[in-house]
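Dear colleague,

Please find the structure below, handed over for your own work. My notes on what was found in it follow directly after.

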Amino acid sequence: MSKRDYYEILGVERNADEKTLKSAFRKLAMQWHPDRNPGNAEAELKFKELNEAYQVLSDEQKRAAYDRFGHAAFQNGGGGPGGPGFGPDFSDFMSDIFENFFGEGGGARTRGRSTGGRERGADLRYNLEIALEDCFRGKAEELTIPTAITCEACSGTGAKPGSKPKVCGTCNGYGRVRATQGFFTIERTCPTCAGRGEILDDPCDICRGAGRVTRERTLTVNIPAGVEEGTRIRVAGEGEAGLRGGPSGDLYIFLSIKPHAFFQRDGADLFARVPISMCTAALGGEVTVPTIDGSDARVKIPEGTQTGKQFRLRGKGMPVLRSRDVGDLYIQVVIETPQNLTKRQRELLQAFEAECSRDTHPESHGFLNRVREFFDGLGGSGRG
């Protein structure tokens, strides 16, 4: 019986590159694998054909020989010892397929003995709310965190003091065992030691073999000046202790900023609304405002200032994280209308209003003129 063309078996063109070959083989191998087609002789035959075709075409020298001589290149051992067999590169590739079949990376090779179940501890998250003043100055914050720490009784080994873990007899300390399925050898996690490679005959009474216990731990964390809402601070090695003496995880602190009674923040700049009297706005003067560093600053209000006018105080904002730059403080004035007037105050304001002219209220008069022109235009268009 003549053999089918290898390119036809994989469903690729003769000029297909290595990536295309690998992709085609992966797809078809998943389809025809014997474990997915139990008792199907046709599937087993196709799977063997796929293996043979890919083993030849994925090898540069074998592919060149096949392109020139066809199947005759591998007759009488022409393909090397054993013909197109299953080399180490092919086995590495097939491990990807086993992972899909068996769900735990069955093809991965164990290069040495197990680490005894020593696993890195989990990372921890801590949400911390701080004041805007703390963002300005920086702060050393003391935190109390419930976390898993290394068991002092067994020093993290998980074994009762005076005893030692024993090498697992099932996997001989490798943490994985091999099983044969068809003509493949599969590696899987050792069911006896759960991949640790060791057995605890006499576990620690305190941690019950885990090598760690849960306790509240207090540590001091430095909050640098210039942090903003959502800043994340990583403290290496301050997360949960690892299992059975494994390395600790990290601690991640996520910062949020409390609302401030006076300042609003936009990046490195600060904004504040300051009310001033109608007289100060009309005649001019000075107002004293607080700054984030705790000092006071004087802002000169020019004569005729209007509501919404902003005044910039350079260098009175927030520091920029990991920089020498500093933002600015913007003061926005709001003119306050007087309330609860006495009879005399009311009379004075009425007299003042009677004396007002275009020069004293240019914006109001300009607005009234624009309104008048608007309605005149509507009347004119109606007449047209």
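Gln332 lies in strand 15, residues 329–336; helices (H or I, at least four residues) and strands (E, at least two) are DSSP runs, numbered from the N terminus. The model is a predicted one, in which local features need pLDDT of at least 70 and side-chain atom pairs count only at pLDDT 80 or more, while totals for chains, interfaces and linings use all residues. Residues are numbered from 1 along each chain as its sequence is written, and side-chain values use heavy atoms, with hydrogens and water left out.

With a relative accessibility of 25%, Gln332 counts as partly exposed (buried means under 20% relative accessible area, exposed over 50%, and partly exposed in between, with a 1.4 Å probe and protein chains only). Its C-alpha atom is separated by 7.5 Å from that of Phe271, a residue 61 positions apart from Gln332 along the chain. Setting aside residues up to four places away in sequence, Gln332 touches Ala272, Arg273, Val274, Gly308, Lys309 and Gln310, where contact means heavy atoms within 4.5 Å.

Thr147, by comparison, belongs to strand 2, residues 139–150. Thr147 is buried, at a relative accessible area of 2%. Beyond its neighbours within four places in sequence, Thr147 is in contact with residues including Leu124, Val213, Arg217 and Glu240.

Strand 12 (residues 285–290) and strand 13 (residues 296–301) pair in the antiparallel sense over six bridges; two strands pair if DSSP finds at least two bridges between them. Glu286 has Lys300 of strand 13 as its bridge partner. Five residues lie between the strands of this hairpin, and Gly294 takes a positive phi near 95° there.

Helix 4 spans residues 60–69, and Lys62, Arg63 and Tyr66 are buried in it. Why do they lie on the same side of helix 4? They cover an arc of only 100° around the axis, the arc being that of the directions from the helix axis to the C-beta atoms. The face turned away from the buried side carries the exposed residues Glu60, Gln61, Arg68 and Phe69. The buried residues pack against helix 1 (6–10), helix 2 (18–32) and helix 3 (41–57). At the start of helix 4, a side-chain oxygen of Asp59 reaches to within 3.0 Å of the backbone nitrogen of Gln61. Just after helix 4, Gly70 takes a positive phi of about 70°.

The count of aromatic pairs comes to five (rings of Phe, Tyr and Trp, the last by its six-membered ring, pair if their centres lie within 6.5 Å; planes under 30 degrees apart count as stacked, over 60 as edge-to-face and the rest as tilted). In one of them, the rings of Tyr7 and Tyr66 have centres 6.2 Å apart and planes at 45°, so the pair is tilted. Tyr7 lies in helix 1 and Tyr66 in helix 4, so this pair ties together parts that are 59 residues apart in sequence. Both Tyr7 and Tyr66 are buried, and ring pairs link Tyr6, Tyr7 and Tyr66 into a cluster.

Finally, the cysteines. A search of the whole structure finds zero disulfides, a disulfide being a pair of cysteine sulfur atoms within 2.5 Å. For Cys151, the closest cysteine sulfur is that of Cys154, at 3.7 Å, too far for a bond. The sulfur of Cys207 also has that of Cys154 as its closest, at 3.6 Å, again too far for a bond. Cys151 is buried, with a relative accessible area of 1%, and Cys207 counts as buried at 8%.

With kind regards

Conventions
A polar contact is a pair of N or O atoms within 3.5 Å; within protein, one must be able to donate a hydrogen and the other to accept it, and residues adjacent in sequence count only if both atoms are side-chain atoms.
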